Amino acid sequence: MTFTTTHSARTALRGALLLPFVAVLVFVAGASLARTRALRETWPGETDTFYLPPSKILKTASLGHRELLSDLIHARANVYFGTQLHEKLPTKWLAQYLHTAVDLDPKFRRLYLSGAAMMVYNGQRMVPDMVLAANDILERGRTAFPFDWEIPFQLGFNLLFELPSVAEP
């Protein structure tokens, strides 16, 4: 037997063994996908959409690109806010999104003001907890930007006008 005949026989044998292996692999992948989809159908609709890992894990996972990840979370918070506003649903996950984005990038100045506004003016009946949650964001902004006038101004506005208006019966 020559080298080419032996080589051709080995190549044919590899192909004959590889084909059933690939077929089994494709079958297992398809079965896994079908099982995953079936399990996913049993979850509530918002389960995977609103989950956000803790800030400490995200800081590590960002591989040093904390500002980028903060921007992405802020963008997701904006989309979430708009969706909830459109559907007239409460924004129960918004504070978590905002605090996580601030944890990742405390110098993201605009986030404090826009986040606080989203917490208060979200299309729902205003309650004291909304204003207090907005004030938490603004307090963090006041710490990060001690010489900025706009953040304490908004905080004062909330304390002087918004909080008393919702605290009264």
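Hi everyone. When I say that residues meet, I am talking about contact, meaning heavy atoms within 4.5 Å. Please keep in mind that this is a predicted model.

Let's start with two helices, H5 and H7. On the H5 side we have Leu98, His99, Val102 and Asp103, and they meet Asp136, Ile137 and Arg140 in H7. The two axes come within 11 Å and cross at roughly 10°. Angles under 35 degrees count as roughly parallel, so that is the description for H5 and H7.

Staying in H5, which spans residues 94-104, let's look at Thr100. Is Thr100 buried or exposed? Its relative accessibility is 6%, so Thr100 counts as buried. Its side chain reaches the backbone oxygen of Gln96, at 2.8 Å. And if we leave aside neighbours within four places in sequence, Thr100 is in contact with Leu52, Ser55, Leu58 and Ile73.

Now for the rings. How many aromatic pairs does the structure hold? There are four. One of them is Tyr112 with Phe145, an edge-to-face pair with 6.0 Å centre to centre and 75° between the planes. Tyr112 sits in helix H6, residues 109-120, while Phe145 is in the loop between H7 (128-144) and H8 (150-167), so this pair ties together parts that are 33 residues apart in sequence. Both Tyr112 and Phe145 are buried.

Definitions and conventions:
Residues are numbered from 1 along each chain as its sequence is written. This is a predicted model: local features need pLDDT of at least 70, side-chain atom pairs count only at pLDDT 80 or more; totals for chains, interfaces and linings use all residues. Side-chain values use heavy atoms; hydrogens and water are left out. Rings of Phe, Tyr and Trp (its six-membered ring) pair if their centres lie within 6.5 Å; planes under 30 degrees apart count as stacked, over 60 as edge-to-face and the rest as tilted. Helices (H or I, at least four residues) and strands (E, at least two) are DSSP runs, numbered from the N terminus. Buried means under 20% relative accessible area, exposed over 50%, partly exposed in between (1.4 Å probe, protein chains only). A polar contact is a pair of N or O atoms within 3.5 Å; within protein, one must be able to donate a hydrogen and the other to accept it, and residues adjacent in sequence count only if both atoms are side-chain atoms. Axes are lines fitted to C-alpha atoms, for helices over the stretch in contact, and angles run from 0 to 180 degrees between N-to-C directions. Angles under 35 degrees count as roughly parallel, over 145 as roughly antiparallel, 65 to 115 as roughly perpendicular and the rest as oblique.
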